[in-house]
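Please read the following briefing alongside the sequence and the coordinates.

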Amino acid sequence: MSHHVLLVEDETNIIEAIRFLLSREGWQVDTHSNGTDAAEVIRNMKPDIVILDVMLPGKSGFDILEELRAHEQTADLPVLMLTARGQSRDREMAEKAGVSRFMTKPFSNTEVLNAVRDMLYVHRQQS
Amino acid sequence: MTSLNVLIAVCLAYVAFLFGVAFAAERAGVRGRTDWLLRSPLVYTLSLSIYCTAWTFYGAVGNAARSGLEYVTIYLGPSLVIIGWWWILRRLVRIGRSQKVTSVADLISSRYGKSNTLAIVVTVMAVIGVTPYIALQLQSVALSLSIFSSAETGGVMDPDASTAGGFWIAVGLALFTVLFGTRNLNANERHHGVVIAVAVEAVVKLVALLAVGVFVVWGVAGGLSATLERIDASALGTWQTDGSRWATLTLLSATAFLCLPRMFQVMVVENDDERHLQVASWAFPLYLMLMSLFVVPIAVIGLEVLPAGSNPDFFVLSLPLSEGREGLAMLSFLGGFSSATSMVIVATLALSTMVSNHVVMPVFLYLRQGGATQSGDVRNVVILSRRLSILGIIALGYVYFEASGGSGALAAIGLISFAGVAQFLPAMLGGLFWRGATRVGALAGLAIGFTVWMFTMLLPSFGPGAVLSADTFEYGLMGISWLRPQALFGIAGMDPMVHAVFWSLSLNVLGFAVFSLVSFPLPLERLQGAQFVNVFDHSGQARGWHASFAESEDLMIMAQRILGSEEARRLFEGEARGQGMPGHLPEPTPDFLQKLERELAGSVGAATAHAMIGQIVGGSAVSVQDLMAVADESAQMLEYSSQLEAKSLELSDTAAELRRTNDKLTQISLQKDAFLSQISHELRTPMTSIRAFSEILRDTDGLGPMEKIKYASIIHTEAIRLTRLLDDLLDLSVLENGQVTLNRQSGSLADLLDQAIATAQASEARRITIRRRRLEETISLDTDLDRLAQVFINLITNAQKYCASPTPELRIEAARQGETVYIDFLDNGDGIPDDAREVMFEKFSRIGAQDSNGAGLGLAICREIMVRLGGDVTYLDNTGGTAFRVILPQKLALAAQ
């Protein structure tokens, strides 16, 4: 069974890399690169997992995450947040907003793969 | 049997007689005739007898019949005060005259810096304290009327008649007081008519009481020895009077004699001559002794002869009635009537002065602020406000009389009043003898004393459940056991009256002393305090040569303090020479005084100068030392306050600067955080791609050659991006820190543009048509050409990247005005949104961040470079596209480096 991941990211090359990694593991990868309507897109696509960048055009990843958590449908959707800002305050803000996993760029490919697998597993266990 | 109507007719006739006397005296006073009778110390002494009200006239006998010799205290206190007149009364009268004091409230307020708050407090307290007393007078007249009517109707008292009597008496008294108390338009003048009427009434009540006494001793008891035997036989002499009660009552009556507003009125305000006190000091005790002479016999015989249950308060009236001596009873009634009316008239007069001066007038003047003020107008208002006050106070007394329904023995009500006004004593005596007494202290003492008096004496007098609940009596206010109204601080077992007087006066004195010690007097208070305490030091002596010499000396000392030693001596010596006087002290002639005042005014201001000279020359109460202290203090305070002001200005400046610096630091810190965050982001983003793809290349088996090439070129591109970013950052850092060394070269603008366009087109894949006007570009430049080229490249590259037109085009237009060169870069794109124009020269600002690879540093660098070159780069509005203008001096000035 194929799992569905939605990658919200605006850097073409990073999109390319993650798409490559996850496709090889059998994931169906969709991407979206604008922050403004990201939450709506996620609700429509109903992915199993979301990978979310912080610095997006239009709306920050934190705001999108809060929006997701506030909505019943996406309240416990697994979200992996990636940021290049690398300040400890960002991790706190992400955790406050209800992130599932948080990673700093540049990331290790293995770590991303493991995180995505774990999140899916934990989510399946819970539901 | 005397009918009630006859009695009323006699009353009216008597009142008409009093009107006549008052009127005659008044007319004599207006004509300015110094009638020997009006100015007689005897009249003064007799007017003091308003101390003996109906309470004394009727109540003394009642008191003796109930409590034995206790009544003596009521006569003892005032006698002690007036015998010791040299000590307190003389001082009071002197101050009252020199300060033109109009009432107790005025006295206390004057002493403490003319504080109107204090005056209002004293006035309110006086009104509350004296109202029951006025009610008591109305009640006694009403009751005595009803005793007559009951004798007439065969022993049945008619309560309606008594109430109606009270009402008409109140109306009559109000009329009399208004007529004679406010006749003079000048409100400060004395009321001769009233004083004479009061003196006549004093004679009537003494004669009446003596007549009843003589009748009882020789007419009823059968002679002096028989009376004495009867007294010995009665239980009255054996009643032990409590020592503490005796002492307290004596103190209280002495205090009341000084503090009661009506006593103050006749004693101080109406005093014509200070020497009258000397006569009064023996004559008034004599009067009191005569008044008390027959109290015991009347009480003893009354208890024996009259049926049990008769009210002993009216033995003076009921004894002659029961013996069928109506004429005597009538005289006795007139005596009581006189006592009551004289008290009400003078008390009301005194209170109305206070109410009008300290409450009504300030309010009126406050409300009138801004309106047209005519002096005659205000005088009428004073008179009107006094008349209204009189009516109001009598009405208040009548209402109290109605409401209390004639309850309680006369003496009890009188004592409550005494204790209430006794609260003025600490502030009053303290003000006369202690210079350290302050307004705050006086206010505190009065407030505390009055509150305690209300709580322990006035309110409990209405009985449990009336104002204070029965629980309060039993368990204390709000259940706090040491707040029981008759056992304050848990000290029970005292006589309630002694208890109330003890606590209210002790706490009053304590509050007065403590708050005076901890508070600082205002300058005016200090001055008034000195005048009051030292009232005898500088007044009263005839001025001779010696005095005027002393005056010059005083003036000299004062002038030295203010003008400085040298200046003052020059002034005085010059004047002395001019007057032909030997030595350095001139005569204090009016001319010289005026001159001196002008000199002083230059230093301390006109008002102060005038006051200071007035104090010394006018010979009024302030000593030179006092004045010097005031001058010294104000100089010190001025200096101190200007120092303080400078300090506080300095402080607030420093604080503002600190605040600014802090704000700036905070802002810088925030900017730094944001900057670091940005840099981190800009560096990590290419690094992410590089790491991800290098891992892919390393870890993935079976990648095709095309994929390998593709991923390797991504790594390459991102590595270049990273390098460029680092270059930009370093560049910017160097530019911003001013560490850049400019490399000055000469060249033409055209060549420089050629070079820049070539570089831009080589680095960016997107093409753009570039239109130039070569002719205009023949401008020679002498500046850092490499840096300028960097700016051009940046602007051209931006146009290449962001110009959204399908046929992108960039026009480059150059112009020179004098030494200044303008180069415009105009494309046919969409332009920059308004809100972004401000920020686009900031670091990391990107517009419509999508598909931009730049870190947003380009324009920031351009601006930094242009500033270094002595020019600028700005955005041009309304060109139909995106347009930048580079401005720079043709020759780089050295200063700009």
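At roughly what angle do the axes of helix α11 and helix α22 of chain B cross? In this predicted model, the axes of α11 (residues 243-259) and α22 (residues 496-518) of chain B cross at roughly 55° and come within 10 Å. That angle makes α11(B) oblique to α22(B), and the crossing in which α11(B) passes α22(B) is left-handed.

**Helix packing in chain B**

- On the side of α11(B), the residues that meet α22(B) are B:S244, B:R245, B:T248, B:L249, B:L251 and B:L252, while α22(B) contributes B:M497, B:V498, B:V501 and B:L505.
- Sorted by class, this contact of α11(B) with α22(B) holds 7 nonpolar residues, 2 polar residues and 1 charged residue.
- A further pair in chain B consists of helix α6 (residues 104-111) and helix α19 (residues 424-433), which pack at an angle of about 50° with their axes 10 Å apart.
- The helices α6(B) and α19(B) are therefore oblique to each other, and α6(B) passes α19(B) in a left-handed crossing.
- Their contact is made by B:V104, B:L107, B:I108 and B:R111 of α6(B) together with B:F424, B:A427, B:M428 and B:G431 of α19(B), and these residues divide into 6 nonpolar, 1 polar and 1 charged.

**Helix packing in chain A**

- In chain A, the axes of helix α3 (residues 61-70) and helix α4 (residues 88-97) come within 9 Å and cross at roughly 15°.
- With angles under 35 degrees counted as roughly parallel, α3(A) and α4(A) are therefore roughly parallel to each other, and their crossing is right-handed.
- The residues in contact are A:F62, A:L65, A:E66 and A:R69 from α3(A) and A:D90, A:M93, A:A94 and A:A97 from α4(A), a set with 5 nonpolar, no polar and 3 charged residues.

**Contact between the chains**

- Where chain B meets chain A, 25 residues of chain B are in contact with 21 residues of chain A.
- The area buried between the two chains is about 2,100 Å², and carbon and sulfur atoms give 55% of this area.
- Within chain B, the residues that lose the most area to chain A are B:H681, B:R684 and B:T688, which together account for 24% of what that side buries.
- Between chain B and chain A the count is 2 salt bridges, and a salt bridge joins the side chains of B:R721 and A:E11, with 3.2 Å from N to O.

**Salt bridges**

- Over all chains, the count of salt bridges comes to 24.
- In chain A, the side chains of A:E9 and A:K105 form a salt bridge at 2.9 Å, N to O.
- Because A:E9 lies in the loop between β1 (3-8) and α1 (12-24) of chain A and A:K105 in the loop between β5 (101-104) and α5 (109-126) of chain A, the pair ties together parts that are 96 residues apart in sequence.

**Backbone geometry**

- Most residues other than glycine have a negative phi, and most peptide bonds are trans.
- A cis peptide bond, with omega of about -5°, joins A:K105 and A:P106, and A:P106 is found in the loop between β5 and α5 of chain A.
- A:K46 is a residue other than glycine with a positive phi, near 50°, and A:K46 lies in the loop between α2 (38-45) and β3 (49-53) of chain A.

Key. Residues are numbered from 1 along each chain as its sequence is written. Chains are lettered from A and ligands numbered from 1 in the order in which they are written. This is a predicted model: local features need pLDDT of at least 70, side-chain atom pairs count only at pLDDT 80 or more; totals for chains, interfaces and linings use all residues. Side-chain values use heavy atoms; hydrogens and water are left out. Axes are lines fitted to C-alpha atoms, for helices over the stretch in contact, and angles run from 0 to 180 degrees between N-to-C directions. Helices (H or I, at least four residues) and strands (E, at least two) are DSSP runs, numbered from the N terminus. Angles under 35 degrees count as roughly parallel, over 145 as roughly antiparallel, 65 to 115 as roughly perpendicular and the rest as oblique. A crossing is left-handed if the near helix is turned anticlockwise from the far one by less than a right angle, and right-handed if clockwise. Contact means heavy atoms within 4.5 Å. Ala, Val, Leu, Ile, Met, Phe, Trp, Tyr, Cys and Pro count as nonpolar, Asp, Glu, Lys and Arg as charged, and the others, Gly among them, as polar. Buried area is the accessible area (1.4 Å probe) that two parts lose on being put together, summed over both. A salt bridge is a side-chain nitrogen of Lys or Arg within 4 Å of a carboxyl oxygen of Asp or Glu.
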